[in-house]
Amino acid sequence: MARRGASSAGAGARKRSDRKADGRTGRGTGRRTEPLAEPVDGGLAELVPDRERPHAWTLTLDGAPQSHVDLDDPTYLSFEYQRRIGHIADLVAPPGQPLHVVHLGGGAFTLARYIAATRPRSTQQVVEVDAALVQLVRRELPLDPQARIRVRATDARAGLGKIQDGWADLVIADVFSGARTPAHLTSTEFLAEVRRVLKPGGSYVANLADGPPLTHLRGQVATAATVFPELALAADPTVWRGRRFGNAVLLASDLPLKVAELTRRVATDPHPGRVEHGRALADFTGGAAAVSDADARHSPAPPPSAFG
C-alpha cells in the first residue's frame with residue numbers, strides 16, 4: 001500500500017533497452033491507453049497506464065495503490081516508499097553484488113524487478129498470497145525470463161517458514177490486505193522467523209503505514225527492537241509529525257547500518273524524507289510495548305483521503 005509520490009528517476013541508474021508492447025503489456029507494437037480491471041482473490045485489481053511513461057503501469061487493489069512498474073526501465077521507482085527501499089537494497093552490499101532476497105508481498109514485483117536489474121544473478125523468492133493477482137501480473141506485466149525470481153502463492157508467514165535458516169541477505173515485507181498489514185506479520189514471533197532466515201549481518205526492511213497518533217508505528221519499532229539491535233526508520237516529515245497518514249520504511253539488522261548514506265539519499269529524493277535511528281528513534285517509541293502474536297492487531301485502516 002502506498003501513497004504515490006511524484007514521478008522521478010529510480011534509486012538506481014541502470015537503464016534497460018526498450019521493450020515492444022502490444023495493447024495489453026509490453027508485447028507487440030501498440031499500447032493500451034485505458035485501465036484494465038480484473039477481480040482477484042483480494043478484491044478488484046486495476047492496471048492503470050502511466051500517461052507519462054509509454055510502458056509503465058500502476059497496480060491498484062480496490063482503489064489502493066499497490067505498485068508501479070515501468071517495463072522499459074525496472075530501475076525506475078515511482079512510489080516514495082519503494083525508492084527508499086531501493087536505496088536500502090543499493091546499500092546492503094557492494095554495487096552489483098548478487099543477493100539472496102525474500103519478498104513478503106508481491107504486488108507487481110516492482111522491487112524484485114529492481115534488484116534483478118541492478119544486481120544481476122541475484123536469487124529472489126516472492127511470497128504473495130493472492131494467486132489470481134500473481135497470474136494477472138505474470139500475464140500483463142511479465143517478468144524478465146532471465147531473472148532468477150521465483151514466485152510462491154501462499155501466506156507470507158507460511159512461505160517464510162519454508163525458507164532455510166540463514167539463506168537471505170535481505171527480507172522485504174510489503175504486505176497489505178485491504179490496505180492494512182495483517183496482524184500475524186506484526187509480532188515478535190514473526191520477526192524471530194525473519195531473523196532465522198537472514199544471514200548474519202542480513203537486513204530486514206518493512207513498509208509500514210500509519211497515521212496520527214502513530215501508535216502502530218511506535219509499536220512496530222518497539223517490536224523490532226526486541227529482535228534486532230540496529231534500527232532506522234525513514235518517513236516523510238509530515239508523517240513523523242503525525243500530520244497525515246502515510247508510509248514509513250523500517251530497516252533492521254544485527255550489524256551497524258549505513259545510516260549516513262541512507263539519510264543523504266532519502267533527504268535528496270524528489271519528496272524528501274527524514275531518517276531517525278539510535279536514541280532519537282528510541283525516544284520516538286515513547287515507551288510503546290512490543291507486540292506478540294497474542295495481542296497483535298492489523299495496522300490501522302487508511303482514511304478515505306489517503307489515496308486522493
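The questions and answers below go through the terms used for this predicted model and the values behind them.

Reader: What kind of model is this, and which residues and atoms count?
Author: This is a predicted model, in which local features need pLDDT of at least 70 and side-chain atom pairs count only at pLDDT 80 or more, while totals for chains, interfaces and linings use all residues. Residues are numbered from 1 along each chain as its sequence is written, and side-chain values use heavy atoms, with hydrogens and water left out.

Reader: How many helices and strands does the protein have?
Author: There are nine helices and twelve strands. Helices (H or I, at least four residues) and strands (E, at least two) are DSSP runs, numbered from the N terminus.

Reader: Why is Phe109 called buried?
Author: Buried means under 20% relative accessible area, exposed means over 50%, and partly exposed lies in between (1.4 Å probe, protein chains only). Phe109 has a relative accessible area of 2%, so Phe109 is buried. Phe109 is in the loop between strand E5 (100–104) and helix H2 (110–118). Its phi is near 65°, a positive value in a residue other than glycine.

Reader: What makes Asp62 exposed?
Author: Asp62 has 56% relative accessibility and therefore counts as exposed. Asp62 sits in the loop between strand E3 (56–61) and strand E4 (64–70). Asp62 also has a positive phi, of about 50°, although it is not a glycine.

Reader: Why does Thr33 count as partly exposed?
Author: The relative accessibility of Thr33 is 41%, so Thr33 counts as partly exposed. Thr33 lies in the segment before strand E1 (36–40).

Reader: Which residues does Thr33 touch, leaving out those up to four places away in sequence?
Author: Thr33 touches Pro49 and Arg51, where contact means heavy atoms within 4.5 Å. Thr33 and Pro54 are 21 residues apart in sequence, and their C-alpha atoms are 9.3 Å apart in space.

Reader: What makes H2 mostly covered?
Author: Eight of the nine residues of H2 are buried. The buried ones are Thr110, Leu111, Ala112, Arg113, Tyr114, Ile115, Ala117 and Thr118. In the protein, buried residues make up 55% of the 308 residues.

Reader: Which residues touch the most other members of the largest nonpolar core?
Author: A nonpolar core is a set of buried Ala, Val, Leu, Ile, Met, Phe, Trp, Tyr and Cys residues joined through side-chain atoms within 4.5 Å. The largest has 36 residues, of which Val102, Leu104, Val171, Val194, Tyr204 and Leu233 touch the most other members. A second, separate core has 25 residues, including Ile85, Ala93, Val205 and Ala232. Leaving out residues up to four places away in sequence, Tyr204 touches several others, among them Val171, Phe190, Val194, Phe228 and Leu250.

Reader: Why are H6 and H9 called oblique to each other?
Author: Axes are lines fitted to C-alpha atoms, for helices over the stretch in contact, and angles run from 0 to 180 degrees between N-to-C directions. Angles under 35 degrees count as roughly parallel, over 145 as roughly antiparallel, 65 to 115 as roughly perpendicular and the rest as oblique. Helix H6 (residues 215–225) and helix H9 (residues 278–285) pack at about 125°, with their axes 8 Å apart. H6 and H9 are therefore oblique to each other.

Reader: Which residues meet where H6 packs on H9?
Author: Leu217, Arg218, Val221 and Ala222 in H6 meet Leu281, Phe284 and Thr285 in H9. By class, this contact has five nonpolar, one polar and one charged residues. Ala, Val, Leu, Ile, Met, Phe, Trp, Tyr, Cys and Pro count as nonpolar, Asp, Glu, Lys and Arg as charged, and the others, Gly among them, as polar.

Reader: What is the make-up of the contact of H1 with H8, by class?
Author: Arg84, His87, Ile88, Asp90 and Leu91 in H1 meet Glu261, Leu262, Arg265 and Val266 in H8. The contact has four nonpolar, one polar and four charged residues. The axes of helix H1 (residues 80–91) and helix H8 (residues 259–267) come within 10 Å and cross at roughly 145°.

Reader: Where is the cis peptide bond that involves Pro213?
Author: The bond from Pro212 to Pro213 is cis, with omega near 10°. Pro213 is found in the loop between strand E9 (198–210) and H6.
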